[in-house]
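Trainee: Hi! Could you walk me through this one?
Mentor: Happy to. Let's have a look together.

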Amino acid sequence: MRAICLASAVVLGAGALTSCVAAADASIQTDFGFSVEPSTVRAGGDVTLRVVRNAACQGEAAVNSPVFDLVTIPPRESWATATVDWDAKPGAVYDVEFECDKSSGTARLTIAGGHPTHHPTHHPHKGAHAGEGGTIAGFDLKEIGLGAALIAGSLGVAYHFARRRTDEDAG
């Protein structure tokens, strides 16, 4: 019985870990190397677009994606930057297409979750936001009570099973 519980826990744990791992390869390689760095960025953030210069990519490289304007990398350079659009969907994965000479390839760009926080104007004359203060700021009595009930319940169940186990072993 203990082996079944252990095997179940191992399988569930492995499944949870693999669901949190990013895709193994963020780009599909072709005749020349290329990359988008970082591969995950918030809306409005900057990415560096890199090409590896070799026989397959000596001329101008064009980089295109639905989340930023067309970027060209001159023949003697190997990188350029692009700013991701503010309206890019958080959590979405977009293709970034690289074309150089007669070769092409696609990399992936993931937009980080959460809401974009674009603040185009800066107001230095305003004071700092000091926050709520204290250790329980933002909590209400329902949340504290629910948390305490969950903790008490889990301790009670653990105690019950521990006592039950010792009674069976003693008998």
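Mentor: Keep in mind that this is a predicted model. A search of the whole structure turns up 2 aromatic pairs.

Trainee: How are the rings of Phe-32 and Phe-34 placed: what is the distance of their centres and the angle of their planes?
Mentor: The ring centres of Phe-32 and Phe-34 are 5.6 Å apart and their planes sit at 55 degrees, so the pair is tilted.

Trainee: Are those two buried or exposed?
Mentor: Phe-32 and Phe-34 are both buried.

Trainee: And which residues do the ring pairs link into a cluster?
Mentor: The cluster is made of Phe-32, Phe-34 and Phe-98, linked by ring pairs.

Trainee: New topic! Where is Ser-35?
Mentor: You'll find Ser-35 in strand E1, which covers residues 34-37. Its side chain makes a polar contact of 3.1 Å with the side chain of Glu-37.

Trainee: What else is Ser-35 in contact with, leaving aside neighbours within four places in sequence?
Mentor: Ser-35 is in contact with Thr-48, Leu-49, Arg-50 and Phe-98.

Trainee: Okay, how many disulfides does the count come to?
Mentor: The count is 1 disulfide. Cys-57 and Cys-100 form it, with their sulfur atoms 2.1 Å apart.

Trainee: Where in the chain are those two?
Mentor: Cys-57 is in the loop between strand E3 (46-51) and strand E4 (61-65), while Cys-100 is in strand E7 (residues 93-100). They are 43 residues apart, so the pair links distant parts of the chain.

Trainee: Why does Cys-57 count as buried?
Mentor: Because its relative accessibility is 0%. Cys-100 is buried too, with a relative accessible area of 0%.

Note on methods:
Residues are numbered from 1 along each chain as its sequence is written. This is a predicted model: local features need pLDDT of at least 70, side-chain atom pairs count only at pLDDT 80 or more; totals for chains, interfaces and linings use all residues. Side-chain values use heavy atoms; hydrogens and water are left out. Rings of Phe, Tyr and Trp (its six-membered ring) pair if their centres lie within 6.5 Å; planes under 30 degrees apart count as stacked, over 60 as edge-to-face and the rest as tilted. Buried means under 20% relative accessible area, exposed over 50%, partly exposed in between (1.4 Å probe, protein chains only). Helices (H or I, at least four residues) and strands (E, at least two) are DSSP runs, numbered from the N terminus. A polar contact is a pair of N or O atoms within 3.5 Å; within protein, one must be able to donate a hydrogen and the other to accept it, and residues adjacent in sequence count only if both atoms are side-chain atoms. Contact means heavy atoms within 4.5 Å. A disulfide is a pair of cysteine sulfur atoms within 2.5 Å.
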